[in-house]
Amino acid sequence: MTQASQTSLLISNAHSILTGRADDGGRAAGPDIRIVDGRIQAIGKLTALPGERVLDATDCVVYPAWVNTHHHLFQSLLKGDPGGLNLSLTEWLAATPYRYRASFDEKLFRLAARIGLVELARSGCATVADHHYLYYPGMPYDSSAILFEEAEALGLRFVLCRGGATQTRQLEADLPSALRPESLQAYQDDVARLAARYHDVAPDAMRRIVMAPTTPLYSVQPAELRELAAFGRSLGLRLHSHLSETVEYQQAARGKFGCSPVAFVAEHDWLGPDVWYAHLVKLDAEEIALLGQTGTGIAHCPQSNGRLGSGIAPVRQLEAAGVTVSIGVDGAASNEAADMISETHAAWLMQRARGGQDALPGYAGGTSEGGADAASIEDVVRWGSTGGARVLGIDGLQGIAVGGCADIAVYALDDPRYFGLHDPAIGPVACGGRPHLKWLLVQGRAVVDNDSLPGVDLVQLGREARAAVKALLA
């Protein structure tokens, strides 16, 4: 299932190279990168070889391609729904994603997936982990297959976090038949089918499957949660879900199980270096310590957490405790800018804002006035690239380093948003926006060339999206 470019190419004369690594300070001098057979062969001052393709990166900045570790691609047609725009998580779930869920037929679902993947690719994202939970008994189309097909058509790495539920929340009780839960056996059988068909254990895998019941506290019985963990691990799969997104998680865990959300999942074998959770906004000190001790990971989703008013995850405290940090955009229905440039920009700002929010005056025991040192650009690039690769277990993604897969984004900072930068390297994250993407390489193959995706007509895609929204509203 692996792919590799069988040609040698040279990224030449880059202004700056950020590596996504901690062991080199997050930067490489370059200015050149040689790629052979899909892997980085050399970094430094290099001379083009005879017949070698040269990508002229003059005045450009080079980043490792982004790794998005939590998404809901079907929500790409649910952006800005007025019915849910000003609601917090629980009410928003009923108002938007659950309300429209039954409206998705095969055509609408495929279009939504394509829109989300194109949006991500144009931000420099090469690897997408989609926490997909649109499954129900008698479903007339194979949504899993569609996701893999659309990702493959664009040349992206795709990780299917196979969501699902064997029970429903009360908020879903009066909603359409598309919300009917699966049986535990049917869920396990489909995960086994998908693993046999798609799961690639290679370090440079283009396809992976993850066991990912939608929400541990609500979607399955406690005994089933433990059984799903054992079943997933027996197939060599990692585990993923939502956790501690809002105070409702804390309330529900205490009310139903007499413990914190993290203590609950710990009792049911859902912590460890093969597990990562989206959100983890509401945590106490004991939970942070337990997550760190077990090496569990986080998909930090700052824009969705901000949009829903959930809060800001304590990412620096989590990382200091031993948690692997990655970044996810979450679904577009709770994040109208579901791309990795916007998300990393928000991650950079929000960690600093959280540090400032926690600051106290000296007479109350404080030691600083703010949190401007809470996250550097290099930290954020690391979280969004090699941090993501680590939680997904794709070991070939080593950032920009000799021997690693050549998943690389080359940005031209030719918009006024980026003019005047003293250090252009920080531009894509610090300035936000959407820098011109000269190339996005996935294992050395250009899947975006001069800001365009071969075979993708953005005008037509926009036309289809507008028609689809009209159909959903009707």
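Which helices and strands do the buried residues of α6 pack against? Select α6, residues 222-234, to find out. This is a predicted model, in which local features need pLDDT of at least 70 and side-chain atom pairs count only at pLDDT 80 or more, while totals for chains, interfaces and linings use all residues. Residues are numbered from 1 along each chain as its sequence is written, and side-chain values use heavy atoms, with hydrogens and water left out.

**Stop 1: helix α6**

Helices (H or I, at least four residues) and strands (E, at least two) are DSSP runs, numbered from the N terminus. Helix α6 has 13 residues and reaches 19 Å from its first C-alpha to its last, close to the 18 Å expected at 1.5 Å a residue. The expected span is 1.5 Å times one less than the number of residues.

Colour Glu224, Leu225, Leu228, Ala229 and Gly232, which are buried. Buried means under 20% relative accessible area, exposed over 50%, and partly exposed in between (1.4 Å probe, protein chains only). The arc is that of the directions from the helix axis to the C-beta atoms. The buried residues of α6 pack against α5, β11 (207-211), β12 (238-243) and α8 (261-267). On the face turned away from the buried side, look for the exposed residues Ala223, Ala230 and Ser234. After α6 comes glycine 236, whose phi is positive, near 75°.

**Stop 2: helix α15**

Select residues 458-473 next, which make up helix α15. Leu461, Ala465, Ala468 and Leu472 are buried in α15. They cover an arc of only 65° around the axis, which puts them on the same side of α15. An α-helix has 3.6 residues a turn, so residues three or four places apart point the same way. The buried residues of α15 pack against α2 (97-101) and α3. Turned away from the buried side are the exposed residues Val459, Arg466, Lys470 and Leu473.

**Stop 3: aromatic pairs**

How many aromatic pairs does the structure hold? There are nine. Rings of Phe, Tyr and Trp (its six-membered ring) pair if their centres lie within 6.5 Å; planes under 30 degrees apart count as stacked, over 60 as edge-to-face and the rest as tilted.

Select tyrosine 63 and tryptophan 66, an edge-to-face pair with 5.8 Å centre to centre and 80° between the planes. Both tyrosine 63 and tryptophan 66 are buried. Then select phenylalanine 148 and tyrosine 198, a stacked pair with 3.9 Å centre to centre and 10° between the planes. This pair links distant parts of the chain, 50 residues apart: phenylalanine 148 is in helix α4 (residues 143-154) and tyrosine 198 in helix α5 (residues 184-198).

**Stop 4**

**Stop 5: isoleucine 394**

Finish at isoleucine 394, in the loop between α13 (377-392) and β16 (408-412). Isoleucine 394 is buried, with a relative accessible area of 2%. Leaving aside neighbours within four places in sequence, isoleucine 394 is in contact (heavy atoms within 4.5 Å) with residues including Thr127, Val159 and Pro203.
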